[in-house]
Amino acid sequence: MRLSALLGMSSLTAAPTALADGEVNIYSYRQPDLIKPVLDAFTKETGIKTNVLFLDKGLVERIQAEGANSPADVIMTVDIARLMEAKDGGVTQPVTDNETINKDVPANFRDPQGEWFGLTTRGRVVYASKERVSEDAITYEELADPKWKGKICIRDGQHSYNIGLFASMIAAHGEDYTEKWLTDLKNNLAHKPSGGDRDQAKAILAGECDIALGNTYYVGLMQTNEKEPEQKDWAAAIKILFPNAADRGTHVNISGMALAKNAPNKDNALKLMEFLASGDAQKIYAEQVYEYPVMPGAEPSDVVKAWGPIKPDTLPLSDIAGNRKKASELVDKVGFNEGPET
């Protein structure tokens, strides 16, 4: 059996060797086509070649197994959970005195010990039917209101996107409140959680529900999808409501980076990390994947601007991440994925 099959890799974009002059090795949970434009720009500017090893799971275990001889220089991933997994798994090292990165990445989007850094954010927002929902504002708390009974769609409650949101509710209100809120949200669902975020927009168009939870960037991907133009219809059926815009702000998650523990090309790795945090890279990300730059003053794409302004929750993601285990336990405790009680 191929090593890639044993490690759960869905694609292999290079076979990095540990030490190579003028190269940097990236282990990535981010899809290669999403990071290729920014890596191409880095190579054009610096002359440093990038080698990408893409995995859909088992990244931390791979680096642990490779040990001190791991060729990994930089880890790129989505979701605070996976960044924390890398830190807790002992496969990262701190970058604490880099003025360039610390200037470009706000403190609430980086690890206090410098073990990981956010690059872009995506809001966990409400997709609402343009035809059937008159509200122009909403809060996460209101999703438990009985007026939405049978009208909400959502993906698996244990998916990392939802666990992040539920963890933020614990941070804001405590465990008891969140358990009750999850129970009431569950009983407002139109059916059992299923599908991905785009499927929730499709369900709204089909009239299966009136509102759903989804990430912002999926709306941009649907709006511009030329290969599957039916997704444009899904996007056209919804409007984005940014929850809690009038108080604590909308929950956001991140894509991010970390310096691998035994990076053999450390100087090149730091150059890449500085570039990824820079305005040039932030602009590429914003235009290509419809995410929000973390760099202060950096502008989102015109597609994203058209959705209206986002006010991110300012609670540090490291604090939210500390509640993820409890959030997962509450999802199981209330039987969230079993769907509404009949």
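Predicted model: local features only at pLDDT ≥ 70, side-chain atom pairs only at ≥ 80, totals over all residues.
**Partners of β5**

- With strand β9 (residues 252-260), β5 runs antiparallel, and six bridges join the two. To find this pairing, look at F117, whose bridge partner in β9 is M257.
- Strand β7 (residues 211-215) is also antiparallel to β5, with five bridges between them. Here Y127 has A212 of β7 as its bridge partner.
- Strand β8 (residues 238-241) is linked to β5 by four bridges, again in antiparallel fashion. On this side, V126 sits opposite L241 of β8.
- Strand β10 (residues 292-293) pairs with β5 over two bridges, and the sense is antiparallel here too.

**Residues with a positive phi**

- D79 isn't a glycine, yet its phi is positive, at about 85°. You'll find D79 in the loop that links β3 (74-78) and α4 (80-88). Buried or exposed, what is D79? D79 counts as buried because its relative accessibility is 3%, and the cut-off for buried is under 20%.
- Y290 is another non-glycine residue with a positive phi, this one near 60°. Y290 belongs to the loop between α12 (279-289) and β10. With a relative accessibility of 11%, Y290 counts as buried.

Methods. Residues numbered from 1 in each chain as written. Heavy atoms only, no water. Pairing = 2+ DSSP bridges. Buried < 20%, exposed > 50% of the residue type's maximum accessible area, 1.4 Å probe, protein only.
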